[in-house]
Amino acid sequence: MDIKRVLASAPRDHDLGPERPLLTPWGESLHPLAVRQEHPHPQFVRDRFVMLNGWWDYAIMPMGTGRTVRPPDEFDGRILVPFSPESVLSCVGRQLGPDELLWYVRRVARPPLRPHERCLLHFEAVDFACACCVNGQVVGTHRGGYLPFVFDITEAVTKVDGEDTLDAGEHAEIVIALCVWDPSDTGTQLRGKQKLKRGGIWYTAQSGIWQPVWMEVVPERHIEALRLLPDAETAELAVDVDVCGTEGLLRLYVSDAAGVPVAAASAPAEEGAVPVTSRGAEEDERRRRVRVTVPIPKLRRWSLEDPYLYNLTLRFGTDVVYSYTAFRTVAVRPDGAGRFRFFLNGEPLLLRGVLDQGYWSDGLMTAPADDALAFDIVAMKNAGFNMLRKHLKVEADRWYYHCDRLGMLVWQDMVSGGGAYGTWETSFQPTLWRRSWDNYSDTDIAHQEKLGAGDESYRNHWRESCRATVEYLGNHPSVVSWVLFNEGWGQFDAASAAQMVHELDPTRPIDAVSGWYDQHSGDFLSVHNYFRPLKVYRDRVRDLQGYAAEHGGRAFVISEFGGVTFRVPGHSAFEGSYGYDRFEDVAAWRGAVRSALAQATALATDGLAGFVYTQLSDVEEEVNGILTYDRRVNKLEDDEEMWGEGTL
């Protein structure tokens, strides 16, 4: 064990000093009227949508004022949505406290609405709990900071005191107001790496709207959701489509990447369709789940070298939705020598991954531009990585789209949460005693308390969000594995969680526990190794559970390692830095990084199925990234032109 590294990584209370505001190239050239205007969900696109990113009025006020759910009379200023108030690009720069409420208000022109049309208001992510009012009427509430939600605001925008106002003119005004509360790490909700007292591996807590907002018009009879089920073995595409409307024909058209039609099929909504029962008894009669299936001639598979996407068009009545899909297979199974590997399209593949926190110096958890999302993927692909582990965060949907089209694999973490983590249990014990890694039950109530999972409401919220994340991201071909728990944070009953996810999605392998406290489940024995010589550990557990037992074993992965630090002057948020091995010379740092990657790659002959290097970019005082926090320097490259500064 490297004791020097252990001591350097120990949690410590220290003053970070003043923060240096850093702009990314996209933040530096950002125009408020043109921020993030692309359709947020490329797999579910309609023509009639209006992006609502841009300037909103905002006010922060203390809780417990006794006022009803209505917007404030006065505002503190303007905030640039979709950036959180804690970020530079929001133009607020203010931390929301757990005892405060954050109000947003924006006035927009009502879109033209014809009879039998609905108006939907979409939020891709709001942290954490919110209530939405439109024209003074409460249209809905939501809890959960990382997943999208939608409100049907038709009644609020078309009726005043019960009277229809459709004929009041196409440009009647809509007043949208959103009230947000976020307890951050004073609560037990899912929050990932956010902390009110940032430092080390914990980053600035964020609140409010932090992903795009948009509005769209749909027919009363419309498509609500898609579940894409491409089967590369049978060359067949099945699509489960939730529709609002019990009559009509659902039509599916498939075209190739050049737009040339290749297949089509249809299915009636009224025959053989399954009622959708998740929305409430009054609406169930109007909703159906329809399956439509179509064979694909001369199938072309998706791969890293050829990320081939098929275009989809779905029609139901007058509603038209555009989407895409891809065909590929993923599995964990033994190779010819009996070693368990990750297989893509039937061929073993060494996963060469990098840890991706998804933070930017000016937008924090929000990318400053769509091009910024793609930039990170391309930079890592050019560096030789074939997989990104999206760490404790659900990213903007367009990031997964870019992974789909560029050919980058994704290991998707579930977002962590819970109460305070016991430092001994989640840090010191597993660091010092490796034997504790597979000898610590997460079904023990006392252990759950130490891991921050003692709150039943948190456990219920985690299960609910886990299921929703699998359903939300399951259509993306780039997503090839689910990671459930990380380093014991909020961990509980991982074996049951792995079984739940396998039942939801039997097509993807699962990393049930990344780091330590293995519960003999999932498809990977997944360890973090920052302090010991890299090696392949034997899976000592014989009584494997669930999917792993059915397939006879698990693949071994080093799901975090590295963390070598180098601070680039002028491109770091703080004068101080956090990390394990510190280098003052870039050439020496490059040598250390390349040596670590070469050592990990060489372990493939010993049975290593994959690795995840820490990490893609610097984040705040953590300067172990391949890219700097402001994305202006790639530390592995010698391009002097990249070393320009972008400060405020």
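Student: In what order do the strands of the open sheet of four strands lie, and is their pairing parallel or antiparallel?

Tutor: Strands of a sheet pair through backbone hydrogen bonds, either parallel or antiparallel. Here the order is 1-16-5-9, with antiparallel pairing. Strands are DSSP runs (E, at least two residues), as helices are (H or I, at least four), numbered from the N terminus; two strands pair if DSSP finds at least two bridges between them. The model is predicted: local features need pLDDT of at least 70, side-chain atom pairs count only at pLDDT 80 or more, and totals for chains, interfaces and linings use all residues. Residues are numbered from 1 along each chain as its sequence is written, and side-chain values use heavy atoms, with hydrogens and water left out.

Student: Which strands stand at the edges of this sheet?

Tutor: Strand 1 (49-51) and strand 9 (149-152) do; each has a single partner strand, so one side of each is left without a neighbour in the sheet.

Student: Which residue is the bridge partner of methionine 51 in strand 16?

Tutor: The partner is tryptophan 214. Three bridges join strand 1 to strand 16 (residues 213-219).

Student: Where does proline 82 lie?

Tutor: Proline 82 is in the loop between strand 3 (77-81) and strand 4 (100-109).

Student: Is leucine 364 buried or exposed?

Tutor: Leucine 364 is buried, at a relative accessible area of 5%. Buried means under 20% relative accessible area, exposed over 50%, and partly exposed in between (1.4 Å probe, protein chains only). Phi of leucine 364 is near 55°, a positive value in a residue other than glycine.
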